[in-house]
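Please keep the model open while reading.

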Amino acid sequence: MATVTASHLVSTVCQVNSHGADTKAANLICMKNQAAITHNGLRFLNMLDRLQMRTNAKAVARQAVKQENPRPWGKIICGKGLNLVFVGAECGPWSKTGGLGDVLGGLPPAMAANGHRVMTVSPRYDQYMDAWDTSVLVEVKVGDKIETARFFHCYKRGVDRVFVDHPMFLEKVWGKTGSKIYGPNAGVDYKDNQLRFSLLCQAALEAPKVLNLNSNRYFSGPYGEDVIFIANDWHTGLLPCYLKSMYQSRGIYMNAKVAFCIHNIAYQGRFPFSDFSVLNLPDRFKSSFDFFDGYETIDAAHAGILESDKVLTVSPYYAQELISGEDKGVELDNIIRKTGITGIVNGMDVQEWNPATDQHINVQYDASTVMDVKPILKESLQAEMGLHCDRNVPVVGFIGRLEEQKGSDVLAEAIPRFIGENCQIVILGTGKKAMEEQIENLQTQYPDKARGIANFNVPLAHKIIAGSDFILIPSRFEPCGLIQLHAMRYGTVPIVASTGGLVDTVKEGFTGFQMGAFNVE
């Protein structure tokens, strides 16, 4: 690894991903970095003050221009939009283990801004302080029991956020046991997950009909039956089946459609075939679930793909990979070829990930100040991590789940190969226990060069994105990925595996680097 920082690419990356960059950015590329005057990793405040004043002055100038030339930002045309209901097991920031939660957190507000009426439905895993009890209850059959579910609601950024309240969600996760969303430990599922998500799907189908929501100034009352359900991953694979068997068979939701979105084909919701009986579906749906992987099983993703009106995934290149063969399609390639699939590249939440307004970093910046600010943010990150503060030492960051898909094992094997160079590495993530212990031991092995933090820490994630020169994404497969998008918006250069949405989003030598072949070298 060459001993250079990312400054020669920073300005290009930041300009591509920022809005309103002025012509000063071109001049700033040629400016020489002034010598760092630091004390225990902290720069004198006068430099910070000058940078902050410049940033504030630019904001005032932009506001003045906006007042002189008003533009119809986010104008909504009533009556022209669709009724969209996103259903998922995660919804950030309330619940999130990865990209699924991010998408359900960030995409619905963007759709609402385009004039659609938008609802999300996800489980209530915790006592969410901003979500209020609607006092609306529904009864659904789960297994051989009638269960009562309650709806909680809040209205944020133009979206009706609906949470399904039931002990199978609240008591199993944060509410009482402190466990995880899908199982008590990473890689271990709850034995009744098929029942938990059966309840979610049935409750989601009831929500548009029974909830009288009036928070939106443009829309009021129930969503009604003319809706499009966007079902996300295997946890919602039952939704199109219940829609057809429980509603459309009785003349309800006759105009409703379902789009099934695959965020990660590796997770399919496979259960013993004997569990089909607890799903309370007619026998004619057995063929949609039937899957043979050496054992006779049911596959929820398999059913979701076959029974939905449209199949989507999160990037065009990943869509090609899914139909390329059994390996990439994880044994569902044949049915995806049969139904067809459309890849739409993921976006990111540009309000949360905006270096000009980010409250998690010490100094905000944009394309015109990035060359001055990023070295300061690097030194701040180094100081917080207990590393030697030196703006000329390249800092490499990694943020992600600690599991084989994300290439965490390959990263761990590669670190001894490049740690001898003049560089530092900071790793943040949670996942498999053995991998968490492995990264936490980095400080012991390389006290002056590496830090590993095995917990979920949003402020630190923002600081790593802003303060690093490079972000590593060594995934074995990556449907889309969001970290590289965050990095590019913050002027940090992504170094990525050449797979899935990383191919669609990172342009070699322009906004980052492709690794090519997947190996330690």
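Which residues in α13 meet which residues in α17? Lys374, Leu377, Lys378, Leu381, Glu384 and Met385 in α13 meet Leu460, Lys463, Ile464, Ile465, Ala466 and Gly467 in α17. Contact means heavy atoms within 4.5 Å. By class, this contact has 7 nonpolar, 1 polar and 4 charged residues. Ala, Val, Leu, Ile, Met, Phe, Trp, Tyr, Cys and Pro count as nonpolar, Asp, Glu, Lys and Arg as charged, and the others, Gly among them, as polar.

This is a predicted model: local features need pLDDT of at least 70, side-chain atom pairs count only at pLDDT 80 or more, and totals for chains, interfaces and linings use all residues. Residues are numbered from 1 along each chain as its sequence is written, and side-chain values use heavy atoms, with hydrogens and water left out.

**Helix pairs**

| Pair | Angle | Axis separation |
|---|---|---|
| α13 (residues 370-385) and α17 (residues 458-467) | about 135° | 8 Å |
| α6 (residues 193-210) and α7 (residues 239-247) | about 60° | 9 Å |

Axes are lines fitted to C-alpha atoms, for helices over the stretch in contact, and angles run from 0 to 180 degrees between N-to-C directions. Helices (H or I, at least four residues) and strands (E, at least two) are DSSP runs, numbered from the N terminus.

α13 and α17 are oblique to each other. So are α6 and α7. Angles under 35 degrees count as roughly parallel, over 145 as roughly antiparallel, 65 to 115 as roughly perpendicular and the rest as oblique. On the α6 side, Ser198, Cys201, Gln202, Ala204, Leu205, Glu206 and Lys209 meet Leu239, Tyr242, Leu243, Met246 and Tyr247 in α7. That contact has 8 nonpolar, 2 polar and 2 charged residues.

**The sheet**

An open sheet of 9 strands runs in the order β5-β6-β7-β4-β3-β8-β9-β13-β14, with mixed pairing. Two strands pair if DSSP finds at least two bridges between them. β5 (132-142) and β14 (342-343) are the edge strands, each pairing on one side only. α6 packs on this sheet, and β3, β4, β5, β6, β7 and β8 are touched. The direction of α6 makes about 125° with that of β5. Strands β3 (residues 83-87) and β4 (residues 117-123) run parallel, joined by 5 bridges. Valine 85 stands opposite methionine 119 in β4.

**Glycine 429**

Glycine 429 lies in the loop between β16 (424-428) and α15 (433-440). Glycine 429 has a relative accessible area of 6%, so it is buried (under 20%; exposed is over 50%, partly exposed in between; 1.4 Å probe, protein chains only). Beyond its neighbours within four places in sequence, glycine 429 is in contact with Gly400, Leu402, Ile439, Ile453, Ala454 and Asn455. Glycine 452 is 23 residues from glycine 429 in sequence and 8.2 Å in space, C-alpha to C-alpha.
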